[in-house]
Amino acid sequence: MRPYPRLLFCLRLICVCGLTSLLCAADTLASSAPVPTRAENDAATRRGFDHFYNLEYDKAIREFETAQQAHPDDPFAVNHTLEGVIFRELFRIGALDTEAYAGDNFLTKKLAAPLDPKVQARVRQLSDQALALSQARLDKNPNDVDALYARGVTRGMRATYSGIAERAWFSGLRSAVAARHDHERVLELDPNYVDAKVLVGTHLYIVGSLNWPTKVAASIVGISGSKEKGLDYLRQGSTEAHSEVASDAQIVYALFLRREQKYDEALRVVGRMQSEFPRNELMAAEYAHLLNAAGHGQEAIAAYRKVLANCRSNLYSSCRIGVPAYGLGEALRGQRQYQEAADAYELAATSSASDPDLRQKATLAAGQMYDVLQRRDTALEKYRAVVAENSTSGAADLARHYMKQAYTSP
């Protein structure tokens, strides 16, 4: 990423040649623009991101707040704190399970816990503060690329929180479109500002993935999409050495590659991140998910078991055993190891006290395995537990069906 547009280079040449002192003064003024607080130039921010990507959100937020106190007028510093606060809450309510985003389950998945009103208030306060700081700079210079980028980041995070946490989809969409416009403007002013390609690329891919009628409706209001261009932008963002959002780009890029069934490349991306952030259990579980989705069943089983062993050894900063345990059950089922699959599903169910959807899904799957093992009484017990958990869910409908007719393996 280049912090200044090419125009400044031209101005410097004019100053050196002595053509006009006025342009030299303009160059000096531009060069004195505030330098954004980033991981590459601020130790607290750098430590904060290391904690952030290892799911150590409390430590990350403390580091980001230290940087914010040192740079109170920098929207970048405020945005870092905002990101930590939002993602700590998304993790707490169970909204960061990559399995849901591999399909469209995140649209209907119930939150594992209610939102914290204090967090909602802080998200509003921090986003308003960041927007005000960016706007103050844009009022002085509408083409301030760093301020435009910072405003787009704030709007993008507001969209994430509104859509995923608050389920305020229309409000989230408005913020997402505004964020995309900001970052598209950044790229118009400075095509080398690669960080801006991450948000734009994500939006391009999502819109490009919509069904045809919805895509046409989006185009009418000026929202275009392209899966190919979106993936290309994310690929560029994920390989930019000096980008502080390269890790974000890699996470989103791998997720979209999985949706496109481009498993080999996704495995390479997630494998690198797993090595870079070894205390992140979600990253390790995602690698196992990818192995299973790619048809490498035995390797996936070994990877899931390693995640569970690391959880028991407290090698991760935070661990929710239910997710890898359920994944292990799925991989074992695929290899027709039904008793071991039932055991894994049972572990997932008993370990998911804070995630009723996962608990119900795992209990249903355990019942199916007991049917295959011809342990009908145990299977019926599991199906009744599924219905008792939530009688209106799709899992409950399936359980009632299997109570009448035993499940058989396809």
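Reader: Why is the disulfide of C311 and C319 called right-handed?

Author: In this predicted model, the torsion about the S-S bond of C311 and C319 is about 50 degrees, so the disulfide is right-handed.

Reader: How do you know that C311 and C319 form a disulfide?

Author: The sulfur atoms of C311 and C319 lie 1.7 Å apart, and a pair of cysteine sulfur atoms within 2.5 Å is taken as a disulfide.

Reader: What makes C311 buried?

Author: The relative accessible area of C311 is 8%. Buried means under 20%, so C311 is placed in that class.

Reader: Why is C319 called partly exposed?

Author: C319 has a relative accessible area of 29%. Partly exposed covers the values between buried, under 20%, and exposed, over 50%; C319 is therefore partly exposed.

Reader: Where is S318 found, and which residues does S318 touch?

Author: S318 is found in the loop between α16 (297-312) and α17 (322-334). Leaving aside residues up to four places away in sequence, S318 touches F91 and E281. S318 and N54 are 264 residues apart in sequence, yet their C-alpha atoms are 8.7 Å apart in space.

Reader: What makes α5 roughly parallel to α8?

Author: The axes of helix α5 (residues 75-92) and helix α8 (residues 145-165) come within 10 Å and cross at roughly 15 degrees. Angles under 35 degrees count as roughly parallel, and that makes α5 roughly parallel to α8. The crossing of α5 past α8 is left-handed.

Reader: Which residues of α5 and α8 meet, and how do they divide by type?

Author: On the α5 side, the residues are P75, F76, N79, L82, E83, I86, E89 and L90. They meet D146, Y149, A150, V153, T154, M157, T160, Y161, I164 and A165 in α8. The residues of this contact comprise 12 nonpolar, 3 polar and 3 charged.

Reader: Why are α19 and α21 called roughly parallel to each other?

Author: Helix α19 (residues 356-372) and helix α21 (residues 394-404) have axes that come within 10 Å and cross at roughly 20 degrees. With the cut-off for roughly parallel set at angles under 35 degrees, α19 and α21 are therefore roughly parallel to each other. α19 passes α21 in a left-handed crossing.

Reader: Which residues make the contact of α19 with α21?

Author: Q360, L364, Q368 and D371 of α19 make the contact with A395, A396, L398, A399 and Y402 of α21. By type, the residues of the contact of α19 with α21 are 6 nonpolar, 2 polar and 1 charged.

Technical notes
Residues numbered from 1 in each chain as written. Predicted model: local features only at pLDDT ≥ 70, side-chain atom pairs only at ≥ 80, totals over all residues. Heavy atoms only, no water. Axes fitted to C-alpha atoms, helices over the stretch in contact; angles between N-to-C directions. Helix = DSSP H or I, 4+ residues; strand = E, 2+ residues; numbered from the N terminus. Parallel < 35°, antiparallel > 145°, perpendicular 65-115°, else oblique. Left-handed = near helix turned anticlockwise from the far one by under 90°. Contact = heavy atoms within 4.5 Å. Nonpolar A, V, L, I, M, F, W, Y, C, P; charged D, E, K, R; others polar. Buried < 20%, exposed > 50% of the residue type's maximum accessible area, 1.4 Å probe, protein only.
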